[in-house]
Amino acid sequence: MAAPASHPTRPAPKAEELAVQGERRPLNFEKEQHRPAAAVYLSPDELITRNVHTVSDLGKVAPGLQIQSSTGGSNTNFRLRGVGLMDFTGNNTPMVMTYVDGVAFPSTVMTGAQFFDLDGISVPPGPQGWDYGQTSVGGNVSIRTADPTSSFHAGFDEEIASYWHDRTAHYVSGPLARGLTFRLAGMTQQGGGYTFSRYNGSTLGNADMGALRAKLFWDPDEKTHVGLTGRWSQDNSQNVGDYIVGLESPAYASLFAVGRDVNRTGWGASQTWANFIGLPGKDVKPFRDNTAWGVDLNMSRVIGPVRISSLSAYNALYRHEYMDWDSTSLGLQETYQNDNTSTFTQQVGIAASRPARLDWGAGLYYNRNITNENFNYDYIDMPGRGYIGQTRYIQTMNTLNAYAHASYRVTGRFGIDFGITHESDSRRLEDLTSGNWYFNPPRNTMTRFPTSGLLSTQFAGGVTLHYQLQQNWLGYVSVKRGFQPGGFTANSTVSATQLKPYKAPTLWAFELGSKFETGDHRYRLNADFFYYLFKDQVFQGFYVDPSKGYLVLYQNAPDSHMWGIETQFEAHPIPHLTLSQRFAYMRAYFDVMQTVNQTATTAQFARTNIWSPIYQSANGQDQGTPKVTLNGMADYAIPLSKRYDLDIEADYSYSDPYKPTGAYAPDQTQIPAYFIANAGITFRPRSRRWYVSAYSSNIANRHYDITRATGIVEYFAVPAPPRFCGARFGMSW
């Protein structure tokens, strides 16, 4: 449970410096091999080689991690080891938290355009929150961006590919004065749209985004560090089009075209809705107009045996997003989301500056998040509806987390890690107004609901025992308890029942693991077994209203459990050859659970014209997570001469079928199994100062889906990218 490394007093050299100044070790992340916890670590080279350009791409390289785009928009949801929440509105605390340079980002939309000039990514699963930040039951996705360097460096990368995809990244870094260093990095991305109109063939899904990040480090002496970071991004991309998987009834076949060519889509809205929200026309392509910016200040000072640190951050998001879910030119189910979110975090800590036999740390973390959201839904052309739905609200969250952790080496080989945290989360849902606007004749049914409040407060923590069996063989066992704040349903709210908050979920996690290396660090095998007991797991279910029928409602499953096995294998069996294989097998079940039987409830309504729920037991039911996920990579560097290498790389990823919204969802929402393979070839000097490469992703042009979901009367899916062929080149000084 040792705390993750913060910014060092003296900035560490970037990867390109290390490659020049010394011989690289056969395997990366040697220090992490001595941390008694399971995690996936990704180096900058692997991220580039495997085309990991967005948060959503992480699912290709981290087994057990599923990432679902929220209906083709910029919001994404994580599920790690089966723990996560498909949250469309984004007003709830994610169960898998995203961090950028130690700063928590409760909205993944804020991080979408910051995936460049990276120094690595780690994905630790299971309960977190007693080392830094706030608690989470599912784990963290921790993104580290490159720091300033003590000597001058600059570089750029350019990528061009199919569908007019173009991505450029650049950086410049170095000293400004004695003890003062800086780094400025930027990225732009355009094109790449791979869905097309079935009506006129025009493209949908083209990227149009840019981002900047600036870092300034001041290290006046060896004991003091001050780091200032500013970030900005603008995303004017088009949203990816979807296709219709199936319909609830054949009666709607005249409205929807069930997809045969999954990359053919449609878009369009009613003119009434376009006028209502201020679109220039009803045929405007689904779009994003998202601006995110932020600043953080990281300070530390060593005073004798302790290091005192402070991390202050402010981030803001202005999100304006239009999504078309019905894949037609009609006003059946379009959404316009207007979201202004701001978050302020403050963390202060104290830790041992010279850890020896005892390492320890403690701190306080505070987060204030304010979200102002407005949703508008187009149902003008939907039979039986003919209105515009609207929901708007303001939610304020205040979170305070007090944490402490310690690691004690009992003997030279045996150690104990301990962590504890107490988190208090208070949130208020205010000014919630929801209802429908009718236009023939003009009227509305808008209802303003009273303010709802929720206080969640609990302890979390864990104990880990670890033993160094040999110098390069670590074994460990851990017991942890995780805690997640409760929250609200704020999606198409038309009934006061929907405002009933869901309970705060808790999770007991048991883990047994081993980390082993041999052959002079040329072979590595890490493995772990985990078992989770989940209390009040949260899922998106349905409430049956006597007058309105099915309404979306986040609910708790009283008891459930998950278990699984994970392995990571890396090898350098012969010079210049690198092999990597990651594997995860897991199962997840409801133990005590009831769901609405939609088939029986709908049939009863057809007979009686009365909406009354009929429940069914889900005890023992599989939760729909993929049983097997795995990915692998092989890289061979052919020495062409004493100065140049030719790298040939191939990788793949596989996932069993799974349901993004859980086992209770209809079968049409299940994403089928998929296998995708990629390959690339790179020519570069051994100094690594420049490179030229060609690649192909999804070589076999296999179809698979990013996500699937339930609409009003249809089931729709967002297709993943088809085969892309491209070239990259870059240079650094």
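## Asp117 and its loop

At 15% relative accessibility, Asp117 counts as buried (buried means under 20% relative accessible area, exposed over 50%, and partly exposed in between, with a 1.4 Å probe and protein chains only). This residue sits in the loop between β6 and β7. As for the labels, helices (H or I, at least four residues) and strands (E, at least two) are DSSP runs, numbered from the N terminus.

Before going on, some housekeeping. This is a predicted model, in which local features need pLDDT of at least 70 and side-chain atom pairs count only at pLDDT 80 or more, while totals for chains, interfaces and linings use all residues. Residues are numbered from 1 along each chain as its sequence is written, and side-chain values use heavy atoms, with hydrogens and water left out.

The protein averages a pLDDT (the predictor's confidence in each residue, from 0 to 100) of 90, and 95% of the residues score at least 70. Residues 1-24 are another story: pLDDT stays under 50 there. The model still has 60 contacts beyond four places in sequence for that stretch, a contact being heavy atoms within 4.5 Å. Where pLDDT is low, the predicted coordinates should not be read in detail.

## The nonpolar cores

A nonpolar core here is a set of buried Ala, Val, Leu, Ile, Met, Phe, Trp, Tyr and Cys residues joined through side-chain atoms within 4.5 Å. The largest one has 28 residues, and those with the most contacts inside it are Leu58, Leu65, Phe115, Ile121 and Val141. Elements that give two or more residues to this core include β2 (65-69), β7 (118-123), β8 (139-145) and β19 (306-324). There is also a second, separate core of 25 residues, which includes Leu255, Phe256, Tyr377 and Tyr438.

Which residues does Phe115 touch? Setting aside residues up to four places away in sequence, Phe115 touches Val52, His53, Thr54, Val55, Leu58, Ile121, Ile143 and Arg167. Tyr99, found in strand β5, is buried with a relative accessible area of 0%. Apart from neighbours within four places in sequence, Tyr99 is in contact with Ala104, Tyr132, Gly133, Gln134, Asn140, Val141, Ser142 and Ile143. Tyr99 and Asn140 are 41 residues apart in sequence, yet their C-alpha atoms are 7.2 Å apart in space.

Two strands pair if DSSP finds at least two bridges between them. Strand β18 (residues 290-303) pairs with β19 in the antiparallel sense over 13 bridges, and Arg301 has Ile308 in β19 as its bridge partner. The hairpin of β18 and β19 has two residues between the strands, and its Gly304 takes a positive phi near 65°.

On to the next pairing: 19 bridges join β19 to strand β20 (residues 334-352), and these two run antiparallel. Here the bridge partner of His320 is Asn338 in β20.

β16 and β39 (residues 714-719) pair over four bridges, and Tyr243 stands opposite Ala717 in β39.

The other open sheet runs in the order β13-β12-β17, and its pairing is mixed. β13 (203-204) and β17 (264-265) stand at the edges with a single partner strand each, so one side of each is left without a neighbour in the sheet. β12 (residues 195-197) and β17 pair in the parallel sense over two bridges; Ser197 has Thr265 in β17 as its bridge partner.

## Local backbone details

At the start of helix α4 (residues 598-608), a side-chain oxygen of Asn597 reaches to within 3.0 Å of the backbone nitrogen of Ala600. Just after α4, Asn609 takes a positive phi of about 60°.

Arg688 also has a positive phi, near 60°, and lies in the loop between β36 (674-685) and β37 (690-697). Is Arg688 buried or partly exposed? With a relative accessible area of 24%, Arg688 is partly exposed. Finally, the peptide bond from Asn440 to Pro441 is cis, with omega near 0°, and Pro441 has its place in the loop between β23 (414-439) and β24 (442-444).

Definitions and conventions:
Polar contact = N/O pair within 3.5 Å; in protein donor to acceptor, adjacent residues only side chain to side chain.
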